[in-house]
Amino acid sequence: MSLLPSATETLFAIGAGDDLVGVTHECDYPPEALGLPRLTSSALGFAGSSAAIDRHVRRALHAGSSLYTLDAELLERLKPDLIVTQELCEVCAVSYALVDRAARRLTSDPRVVSLEPSSLEDVYANVMTLGEITRHQPKAGELVAALRRREAAIRDWTAAKAARRVLVLEWTDPPMGAGHWTPELVEAAGGAPILASPHENSRRLSWEQIAFADPDAIIVAPCGYGLAKTHEALSELRARPEWLALRAVREGRVHPVDGNAYVNRPGPRLVDTIEIFASLLHPEAA
């Protein structure tokens, strides 16, 4: 059972998709995952502007409330041998504590594996870990080798190009700079990440910090947002004079990206993200 969208993608990519008995309500890739039982749902029950969502989430976490619910009865009926989850972020997926409590009550006594990637290398290691646990090591090894080849090819392609200073916004109101593996993706794509937190949580930024940094390009990829929601967030930003004053905005170097699919999920598609970033940052050579 996968309680993590990136793990679901990885398990399918290494040939373990047929072993899956359940996934989360957010597991939408590959399409085959959509037909599996859904074990979770959002407890947020709220929609609004990026600022309103941020306030609502912070209040819920401060009050000790989970942002997700887990169907314990369905979990018991499915009787998984293995549950793949995470402890990295309570906002991004169901919390480890909630999963652990539910797993302890199961008669099937499943193994619970928590994936905690903070770098691209960690993502490759997680692919191999899942391959070993599910007995799909050969396919996992082939996948990692193919991903490394693609990453190396993009690095070679961008090596001689000028490294544009790039700000990746993982949230827009308040603005938050990219963390964990995302700065590496920018570097691999031939950019120089600024106001970023490599291998750490993303951090809140002030508009003064952003103006002083004066990025050459801005990639907007809010956590959990698809492309349509990202464009909505950009519309909110256009009402801010601080945003409109930025050189990258004035010169048309703002790039909306589907963060939910390509930036926030630490799975095989992160190499797709490097290729996307490279084409955005170096359109003259694409």
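Which residues touch the most other members of the largest nonpolar core? In this predicted model, local features need pLDDT of at least 70 and side-chain atom pairs count only at pLDDT 80 or more, while totals for chains, interfaces and linings use all residues. Residues are numbered from 1 along each chain as its sequence is written, and side-chain values use heavy atoms, with hydrogens and water left out.

The residues in question are I14, L115, L130, L185, I274 and F277, out of 44 in that core; a nonpolar core is a set of buried Ala, Val, Leu, Ile, Met, Phe, Trp, Tyr and Cys residues joined through side-chain atoms within 4.5 Å, and buried means under 20% relative accessible area with a 1.4 Å probe, protein chains only. At least two residues each come from elements including α1 (5-13), α5 (120-133) and α13 (270-281), helices being DSSP runs of H or I with at least four residues, numbered from the N terminus. The largest share, 6 residues, is supplied by α13. Leaving aside residues up to four places away in sequence, I274 touches L120, E151, I154, L185, A188 and A189, where contact means heavy atoms within 4.5 Å. Apart from this core lies another, of 16 residues, among them L237, W243, L246 and V249.

L237 is also one of the buried residues of helix α9 (residues 227-237), together with T230, A233 and L234. These cover an arc of only 105 degrees around the axis, which puts them on the same side of α9, the arc being that of the directions from the helix axis to the C-beta atoms.

In helix α1 lies T8, which counts as buried because its relative accessibility is 0%.

Notes:
Buried < 20%, exposed > 50% of the residue type's maximum accessible area, 1.4 Å probe, protein only.
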